[in-house]
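Here is a short report on selected features of one chain. Keep the sequence and the model open while reading.

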Amino acid sequence: MSNAAHDPMMNLSLRKVDPELDAIFVKEAVRQRDHIELIASENYTYAAVREAQGSILTNKYAEGLPGKRYYAGCDYVDEAENLARSRALQLFVGSEHVNVQPHSGASANTATFTAAMSPGDPFVAMSLDQGGHLSHGASVNISGKWFKPTFYGVRAEDGLVDWDAVQRAVDEAKPKVVIAGASAYPRVLDFEKFAAIAHAAGAKLMVDMAHISGVVAAGLHPSPFPHADYVTTTTHKTLRGPRGGMIFARTDEAAAIDRAVFPGNQGGPLMHVIAAKAVAYKLALQPEFRAYMQRTLDNAKALAAALAARGFGVITGGTDIHLILCDVTPLGVTGKEATAALEAVGVTINKNSIPGETRSPMVTSGVRYGTPAATTRGMGLAEMEQIAQWSVEAIAAREDSAKLEQIRREVVKVAQRFPVPGNDAAELAARES
Ligand SMILES: *Cc1c(COP(=O)(O)O)cnc(C)c1O
């Protein structure tokens, strides 16, 4: 007897089982098709990654590590996780050990904190309002509640890392860990210099390359290996894999990191996501990925120049990576107002604090643009010029709904020329009606 005879629901498609949710998927697919996505942390992943992520590997419990599981039947998921591990080590030359199980970037950071420190221990990181991440000691996050952060930032005059502040924070805090890595820093981070400062003080260097791991993998940003003791990352930003995280460590820290992930912070790993990570790492090893990353950086440089030419205050004067930080006050608006104006025309960015910020994080004086997602859709230098032009026009027309609607129609037209991978236009049109 087939399983369908026991429970006819088991083999039905999502559309049949849950039309309510399917309708939500259609709306989101239309949104993705008709918007231009410039949130620096977002991307569109590969069809093959989504296939792995939606696979039967979701059915398997596999607590532990390959060859050392707490459950039977793990032979094949072991093979999948070993592929992910060996490809990750191959992708990041000089890395020694990797754990591919963290569910997200923040989970990878929490696990690393618990491996490297005890509650109450001091660490040094870039503050959130200067470009750091919530999981680097913000008071609302476990990193700030359970550990003791001292922050450094960027120089108000040029937006670059304030090395005097890094040294001062290390001298004052006597930290166990120094973190290098940011969410809104447009320039190359000097990991060698961070390592020298951390190691001279007897601290470990933790690099959080969540934003730039794809750029590092492509060899277009200096590598944190071999300078860092721990390297954490997301897998879904520039690396373009499934939503998730991973942690690299030196061989002598491998066991501590593995224990911190499981049983320290997580239960069963998401084997379908780990399989999808293996696919993404394989694809990131191909020449096509390096070319994609190069186009992403070329687009970011072009967009930065086009925005600067239209009066945006581009922080540090440009970018070395995939993201751009801008002061929008020269255009007579706050970050919140600029973001709302662009959202109204279908261009998605986020408001962001800038060096020397005077406004609250809910308002801000700046915005952040990023090119990974638009570049995945195939947009190039001409579209970057166009996006900068729409940006100033939308900001100028922010109270003129007719003009905003006119710009929005132009955006939709251009967006639809660049299909979202996995978004079948004909199928979508059929389901929309
Ligand atoms: C995005 C990001 C994270 C968090 O990743 P999640 O997967 O959202 O938890 C951590 N650190 C940095 C620097 C980031 O940019």
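Where is the place of Gln266? Gln266 sits in the loop between H11 and helix H12 (271–284). Helices (H or I, at least four residues) and strands (E, at least two) are DSSP runs, numbered from the N terminus.

The model is predicted, so local features need pLDDT of at least 70, side-chain atom pairs count only at pLDDT 80 or more, and totals for chains, interfaces and linings use all residues. Residues are numbered from 1 along each chain as its sequence is written, and side-chain values use heavy atoms, with hydrogens and water left out.

Gln266 is buried, at a relative accessible area of 10%. Buried means under 20% relative accessible area, exposed over 50%, and partly exposed in between (1.4 Å probe, protein chains only).

The side chain of Gln266 makes polar contacts with backbone atoms. It reaches the backbone oxygen of Gln101 at 3.0 Å. A polar atom of the Gln266 side chain also lies 2.9 Å from the backbone nitrogen of His103. A polar contact is a pair of N or O atoms within 3.5 Å; within protein, one must be able to donate a hydrogen and the other to accept it, and residues adjacent in sequence count only if both atoms are side-chain atoms.

Leaving aside neighbours within four places in sequence, Gln266 is in contact (heavy atoms within 4.5 Å) with Gln101, Pro102, His103, Ser107 and Val261.

## Two helix pairs

Two packed helices are described by the angle between their axes and the distance between the axes. Axes are lines fitted to C-alpha atoms, for helices over the stretch in contact, and angles run from 0 to 180 degrees between N-to-C directions.

| Helix pair | Angle | Axis distance |
|---|---|---|
| H6 (residues 105–116) and H11 (residues 254–265) | about 115 degrees | 8 Å |
| H13 (residues 287–309) and H16 | about 35 degrees | 9 Å |

The crossing of H6 and H11 is right-handed. A crossing is left-handed if the near helix is turned anticlockwise from the far one by less than a right angle, and right-handed if clockwise. On the H6 side, Thr110, Ala111, Thr112, Thr114 and Ala115 take part; they meet Ala256, Ile257, Ala260, Val261 and Asn265 of H11. By class, the contact of H6 with H11 has 6 nonpolar, 4 polar and no charged residues. Ala, Val, Leu, Ile, Met, Phe, Trp, Tyr, Cys and Pro count as nonpolar, Asp, Glu, Lys and Arg as charged, and the others, Gly among them, as polar.

H13 also passes H16 in a right-handed crossing. H13 contributes Asp298, Asn299, Ala302, Leu303, Ala306 and Leu307, while H16 contributes Leu381, Met384, Glu385, Ile387, Ala388 and Ser391. The contact of H13 with H16 divides into 8 nonpolar, 2 polar and 2 charged residues.

Take Ala388, in helix H16 (residues 381–396). Ala388 is buried, at 0% relative accessibility. Not counting residues up to four places away in sequence, Ala388 touches Leu303, Ala306, Leu307 and Arg310. Ala388 and Ala304 are 84 residues apart in sequence, yet 8.5 Å apart in space, C-alpha to C-alpha.

## The two sides of H8

Which residues of helix H8 (residues 163–173) are buried? They are Trp163, Ala165, Val166, Ala169, Val170 and Ala173. These residues cover an arc of only 160 degrees around the axis, so they are on the same side of H8. The arc is that of the directions from the helix axis to the C-beta atoms. On the other side of H8, Asp164 and Glu172 are exposed.

The buried residues of H8 pack against strand E5 (122–126), strand E6 (148–152), strand E7 (177–180) and helix H9 (191–200). At the start of H8, a side-chain oxygen of Asp162 comes to within 3.3 Å of the backbone nitrogen of Asp164. After H8 comes Lys174, with a positive phi near 45 degrees.

## Backbone exceptions

Most residues other than glycine have a negative phi, and most peptide bonds are trans. The peptide bond between Phe225 and Pro226 is cis, with omega about 10 degrees. Pro226 is in the loop between helix H10 (213–217) and strand E9 (230–234). Phe262 and Pro263 are also joined by a cis peptide bond, with omega near 10 degrees. Pro263 lies in helix H11.

Thr364 is not a glycine, but its phi is positive, near 60 degrees. Thr364 is buried, at 1% relative accessibility.
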